[in-house]
Structure formats: structure tokens, C-alpha cells
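Could you walk me through this model in my viewer? I would like to know what to select next and what is there.

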Amino acid sequence: MNVLGLYNYWIVVILMLIGFYIVIAHENLVKKLVGLAIFQTSVFFLYISIGKITGATAPIFDEKWQLYSNPLPHVLILTAIVVGIATTALGLSLVVRIQEAYGSIEENDIQIQDTQDQLECQLEAYGIQESLTTFDQDIDE
Amino acid sequence: MTAHYPILQVVIPLLAAPVCLFLRIPRLVGLFAFLVSGAAFFISCMLLQQVIADGPISYHIGGWPPPWGIEYRIDTLNAYLLVLVSAMSTVVLIAAQTSIAKEVREDRQTFFYTAYLLCLTGLLGILSTADVFNVFVFLEISALSSYTLIAMGSDRRALTASYQYLIMGTIGATFIIIGVGLMYVMTGTLNMYDLAQRLPEVYHTKTVHCAFGFLIVGVCLKLALFPLHLWLPNAYAYAPSIATTFLAATSTKVAVYLLIRYIFSIFGITFVTTSLPIEEIFLILGLTGIFAASISAIYRLNIKRLFAYSSVAQIGYMILGLAIGTQLGLTATLLHLFNHALMKAAIFLAIGAVVYRIGSAQLIHFAGLGRKMPWTMAALVAGGLSLIGVPLTVGFVSKWYLVVALLDKGWWPVAVLVLISSLLAVVYVWRIIEWIYFTQPRIIIDNVKEAPLSQLIPIWLLVLANIYFGVDTRLTVGVSKLAAQSLFGVNL
Amino acid sequence: MTAIAITRMGDLFAVVMLSGIYSLLSAALFLVLDAPDVAFTEASVGAGISTLLFLATLKLVPRYDKKSRYKPGLALGVVVATGALLIYGTLDMPHFGKVDAPVHEHVAPRYLNDSLEEIGVPNFVTSVLASYRGFDTLGEVVVVFTAGIGVMSLLRISRQAKKDAKAKTPPDMQQQVILRVVAKIMIPLILIFALYVQFHGDYSPGGGFQAGVIFAAGIILYTMLFGLSTAQKVFKHKVLEILTAFGVFLYAGVGFVCLFMGGNFLDYDVLRHDPVHGQHLGILLIELGVGITVASVMILIFFKFTWRTVKHKYNQ
């Protein structure tokens, strides 16, 4: 089992771990998204390195070359990159809205505010008869 | 055209979504969405009929044969689920017009329906395809649209719920992609049935085991198996009621479907049970989930959250069925997929009707509503009874089959635990009944009227379905048995 | 390396810049690994659009993250466990670069050997992307569309905000005469390049996605230098929204036409009198659909984020 032949996979794994770590350990919402992006990119490396053949060239036809690297992983990764950016864009929009609604994008702060909200809800509910409750604060504009 | 049903099933909602952008008026868009969903339902029924009569259908997209092209393959299992998802979608849309008008801001309503149709497309796509990477693409379609749907809730906590779901969901999807990549490395193919043929040669490799691990974890994140369920309660609680209903009735079921596909059609049940202690893991996690979630539900003050936890518990039952590892167990799980969708849809729609009338989902505010909204409340109670497993309801049928399967395997302690957990459900359902019928109103509800007809109709359709399928089980049990049989037969 | 630095930094702006660098490095690496299409996409999407969006977000959120006393213990534990599992999994994998690995023996050979006959397009990646696995790509376009819908629904712009912000070009931008002049020359070139990438994607790295992104980048550059309202005179909101839908229509529409002409969905063979021409036509059209939707969604998202910044400025 020639270990050295696997070094490319291990680099991938390390990158993956760093990205994954950022996502779960950090509290800042934007940083989490960056971590997510790193996590996903490392997976792309995994796929692309699978497709590479030593001594081959990019999979575009050229008379001079006989051996081509595998095009299938490339196709899959193209799709995955696009999916990744779509998720990031959506995530960032959410972050913007959260910032506006909560005044912060740190998980701690948000959790504190959420718990406060919940307690308020319950206090109000258990309180004296009020008129019909309307929706909780409308968030924007 | 009939030959093309498999692809039309998915492409029609797919095309319909952008059309929504052209029809600007929310009422029109809502009606359009309903028609499209109905069309999808019609096609799914045709497909189910065809599959039962003639066996699995294979459709080569682009005319390229698999594994070079992407194949759509409909067999009993996914035809059954296609019918379920499209039916739920259509029924829920009946109530959508009025509910959405109250809960979602006007300028967002068109987007709501668009996202809804996209979510439907995604789910149907996951069900129909036989290509593991294609699953990922449509999984993300349904996921992204779900995040959008949830974030349209009126409470700001909807935003954080959506974000949390986004992070966890993307991690899950990335794990699935890792698993797919590892499988690909060892076999060179992405088609499910091709994989099933080529994997046995490499079963023993660590890579395949690793791949399996990642796939399972990824999928379990999506189906909210304890302890990976953290995103679900908030997502269900703060999303608009129609979104909650739709998601509760469909998305976790589709994730369970994916799990079943991985285990049975791709890896094969023998590999699965011998390579990793899957039976034990599912058993423990399933049971823990059932109990932890049911107990949690008892203490909830927000009724949507209460039933969200209840959903986590119900998923525990489904996983338990899989843990048994026999055909009977699988039948029980498949049965529960269908029945749970019916139950939860009815319950959440009823809650939606209440939110429509009084604007709150706090249990306290439900006090005394039994008199003001009799039909809605009766529906809620019926759903609750179904959850407990009272005879004559679908809940009973599911529990029955599950217990039978457990006893058949010899796991009678587990069967006892299942019965005990039903008692927990009794507790939280009884709490609700108490508040609805036996408590004085806490808020002024004199002006509260019964829910509008457009909401009552789908609610009662579902309740009646609950009872009907609880009594006449030929269709559901029959199809589940067929599906289970074919899945066990396919494996190596 | 870069990734670890990102973990440690508290300054989000630096984090974003670093992640941009990370993307560029990745793109270079992809190139080395024989994946020019992917490198192209990663560079434009990852280093370009992604960084742009993060920066736009940073205008709206605090720049520094709080040094919180989080306990990294559990997170580290989970991460290490995952890593261990992965490394365990890689032990049996075929070695890097070997030509006899399963992935090269099974499905791929047909793509490489037969696609020239069946489809007639030298860029193998394009033929797989647009034809053999064309349905995945349709799914991908729908993903882009879905993200567009999501951002549109989340970052709605009220009419009031539009009135408040008759966005004049920010004063500092007006002074950047050199930038503006250079931009006026560069932007048409960028747009033409985008079109080149779009249509030449069959023969060289490129295709719908990359083209769409580059086109969007050109427009975004224009917007940054000449002001949002000027840009919006050309790219009106409604038009953009309709364009996002249009790309999807085009793609799926081609699929339907194939159905009506007797083939399966997205079976381009039937589009013309002979299969290869049919394939060419099909690929051309769907890539166009992709390019249109991607470009319009990207531009739309950028506009939405920018409007939000403008709105913030005026509400303060």
C-alpha cells in the first residue's frame, strides 16, 4: 500500500476539516458561510484529483494528444460550484436580513434575543386577557 | 405522451415555476400553482398504475442509455411516493390562497408560489431519478427553495431558522456528495443500478465503507434523525403555515426514501447489515429520538413546535422499522411514510387555519376555541388521535404493522417501548384537547369565526383520508408490501 | 495555509479577501490538474462573484467578529472524527494519476472515444455537460433560478427606497477619472469576451456558466463606476426578472421540442436532419439559456445587495 500515492487525497481531507471546523465552531454568520465555501471547494478537489491521469492533458480534443484526463468529474464539479455559489448567495441574503432584524450576526447575540422573544411571548400569553395578538414584529421596511 | 410521463412528472412543475414570474397577480399564481400540482398528481397516478401492471419503467433522458446518460427509473417504491408528494402538494394548495394572504407580505406572495413549485420539482426529481449525482442537484433545488419558503415567515426567527437549516442542510448535502465521490472513485459510475452491480466487487474496501458512512450521515441530517434534527423545530415553527404543512408532509419522507434507496437498491441489505452495525445504530437513535422528542413535545407552548417535535418522534418510528431489517419492518416504514404525511398535513393545516383566524400559534391562545372553531378543532383532535394510534385511524395501522414486525423479529422489549411511547403522545394530545375544550378563553375570541371553507375542505379531506385509509388498508398496505418485496428481491 | 489564516482572523474584510485568494489558488490548482473549464468557473465564480457578494454583505454588517469564548472542544472532536473516517476511507483508493483506475475504465471511455462521432464537439466536458448529462445542467440552471428567487424574495426593494435613493454616483467614484475612462474601454471588451466564451465553449474551455458570469461581471463593473441608477436604465428590474425565467424556458423548451419531434426529452438528435447537427443546435441553444439565466440572476443579486446598501445609507 504505497502511501505516498495518496497524498493528494490527504490534502483534500485537511482542507475539508478546516472548512468544516469553521462552520461548526465559529459564531459569526458570515465566517460560517466562508467556512462552508472552503469545505465545499475541498470536495471539488477530491473529485478533480480523481479524474487526473498523469501524463494526460485536459479533455479537449487535440490531435497531438492521445491521453486525456477524465471529463466526467469536471462536469460534476462545474455543477457543484454553481450550486455552491447559489447557496452562498442565499445565505448572505439571509445574513443581511438577520443583521437588520437583530442588529448583530453573532450567534450568541441572536440566541439571546430569540430566547427573550420567546419569554416575552409566553409572558404575554400567560398575562391578563389582551386583545388579539398580532404577528410578532414585522421585520423590514 | 404516456411514454414520457416519467420526465413530464418533473419537468412540468419545473417549467411552471418561472411562469409564475410572468403572472404577477398572487391569486392567479396561486390558482396556476394548484393546477400544475394537480397535473403532477394525475401523472403520478398514471405512473403508479403502469408500474403495478407492467413493472419498473426506465426512461433515458437525452436518448443516452445509462450509465452514460441520466436515467429516470420508476418502480413501485418511488411511484408510491410520487403519488403521495403530489397529492399532498395539491391538497395543501387549496388552502394556500387564504392562508398566504394573511401570513406572507403581499409583494412576496408570487415568490412564495414560485418557490413552492420549485420545491415540488426538487422533491419529484429526487424521487424519479436513478442517477446519484442528479439526486444531489434536485436535492439542492428542493433545499434552496425550502430555505426561501421558511424565510418568508412573519417572525424574525424565521430568518435564523432558515439560516440554521441552510447550514445544516448544506453540510448534509456536502456529505452526500463526498459519499457519491467515494463510490465513483471505486466504481466509475453514477447510475444507481450500475452501482449495485459494480459495488459488490469492492465491498470490502475501506473506501466503500467510508462512502456509505458519509451518505448515511448526510441523509440523516436531511430527515432529521436524532440527534441531527436540530434544524427542524424552528424551521417548522416559524415558517408560514402552508410551508410548514407542505414540508412536514413531504421533505422528510423523501429523505427517508433516499435512505431506503441507498440501503436497498444500491448497497444491498446484506452489505449494510454486515459492514456497519446499522441495525443497532438505527435502533438506538430511533428509540432515543422517539422518546426525547415526544417528551420534548409535551412541554412545548407553541403548538407548531409541539408538532414539529412530534414529527421528529414519528421519524424515529420510521427508522425503527428500517432497523428491524426484515421485509415486515420495511413495509411498516413505508406504510408510516404515507400515513404520517396524512396525519401531519391535517394537523398543520388545522393549525394554519387557527393562525389565520387569531394570528398566533401559542397553545394558550387556543383556549376555548373548541366552541368557536368546532370543525377545525375536531380535525386537530382527529389528527392527534391518529398520532397516538387509535384504532380506525391510519396511525393505528402503522403502529400495528410496526409492532408486528418487531415481534416477528423477536424484539418484544422494543415493541413494549413503542407502546409506551404512544402513551407519551396521549399526554401531549390530551393537553391540547384540554386547552381547546375545557379551558376558558384567555384572549378575546368573540369575533373568531370558523375557518374559511377553502381551508376547511382540504383539512377535512385529509381527516377523512386518515379514517378511510385507517379502515380500508388495501391500497396503502398493498403497495407498501409490493414495494418492500421488490426491494428485498433486488438486493444481492 | 490560507485556510488556516481564515480561521484565525477576526477582521471579516481580511477573511473575505483571503477567501478570494483561496479561490484563485484553487483555480490555479484546477488548471494544473487538467481541468481548465473548472478552473475558469472557479476563478470567475469563486474569486469573482463570491468575493463581490461577501464584500457587498460586509457593507451591511459589522466588519469585525466578536472574540467569543466558544468552546472549540466539541467542534474539534466532530471534525477530527470526520477526518479520521475520511482518511481511513482513502486508504483503499486508487493512487493519484493512475490510468487504470475504475473511473477511467468504465463510463468515461465512451465520452472520450465516441463523443466526436456522436456529438462532434471537441470539448469533451461540454459534450458531457450539455448532452450526455444535459439534464443535470438543466437542474443546475434551475438551482441558479431558485437562488435568484430566494434573493428576490428576501431583499425586496420598496418603492420608497427607490425614491429616496436617486443614486447619484458616489462622489469619490466621480473623481476616479482614470478608472472611468479605462472602464469605458474595458467593459465592452469584457462583454465581447463573455460572448466569445459563450459561443466558443464547444471548442475551448467555456460555455454558458462562465460566459454568464463574465457578462455579469462586466455589468457589475459598470455599475460600480457609473452608479446604480444609470445601470438600471439599461437593465430594468422587471426585464431582469423576466430574463432569469427566460433562460430556464429556453433550456426546458428545447427539451420539449425534442419530445414533440419524436425523441426523448433533451434528445437533440431529432432536432435536425442528421444527429450531429441536431446535437450542435441543441447544445448551442441550451448553453444560451444557461448564459442568459446565470447572467441575469447574478446581476439581479448584485443589484439587490447594492440597493440594500443604498437604503441603509439613507436610513441612517
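A compact globule of 492 residues would have a radius of gyration near 23 Å, and chain B, at 21 Å, agrees with that; the radius is taken over C-alpha atoms, and the globule rule is 2.2 Å times the number of residues to the power 0.38. This is a predicted model, in which local features need pLDDT of at least 70, side-chain atom pairs count only at pLDDT 80 or more, and totals for chains, interfaces and linings use all residues. Residues are numbered from 1 along each chain as its sequence is written, chains are lettered from A and ligands numbered from 1 in the order in which they are written, and side-chain values use heavy atoms, with hydrogens and water left out.

Switch to the C-alpha trace of chain B, and you will see about 70 × 55 × 40 Å along its principal axes. In cartoon view, chain B shows 20 helices and two strands; these are DSSP runs numbered from the N terminus, with helices (H or I) of at least four residues and strands (E) of at least two. Of its 492 residues, 73% are buried, where buried means under 20% relative accessible area, exposed over 50% and partly exposed in between (1.4 Å probe, protein chains only).

Next, select helix H1 of chain B, residues 5–22, and find B:Leu21 in it. B:Leu21 counts as buried because its relative accessibility is 4%. Setting aside residues up to four places away in sequence, B:Leu21 touches B:Phe111, and from chain C its partners include C:Phe145, C:Ile149 and C:Met152; a contact means heavy atoms within 4.5 Å.

Then move to helix H10 of chain B, residues 241–267, where B:Ser251 sits. B:Ser251 is buried because its relative accessible area is 14%. Beyond residues up to four places away in sequence, B:Ser251 touches B:Leu123 and B:Phe246.

Finish inside the largest nonpolar core, which has 354 residues. Such a core is a set of buried Ala, Val, Leu, Ile, Met, Phe, Trp, Tyr and Cys residues joined through side-chain atoms within 4.5 Å. Among the residues with the most contacts inside the largest core are B:Phe307, B:Leu380 and C:Phe135. A second, separate core of five residues includes C:Ile190 and C:Val197.
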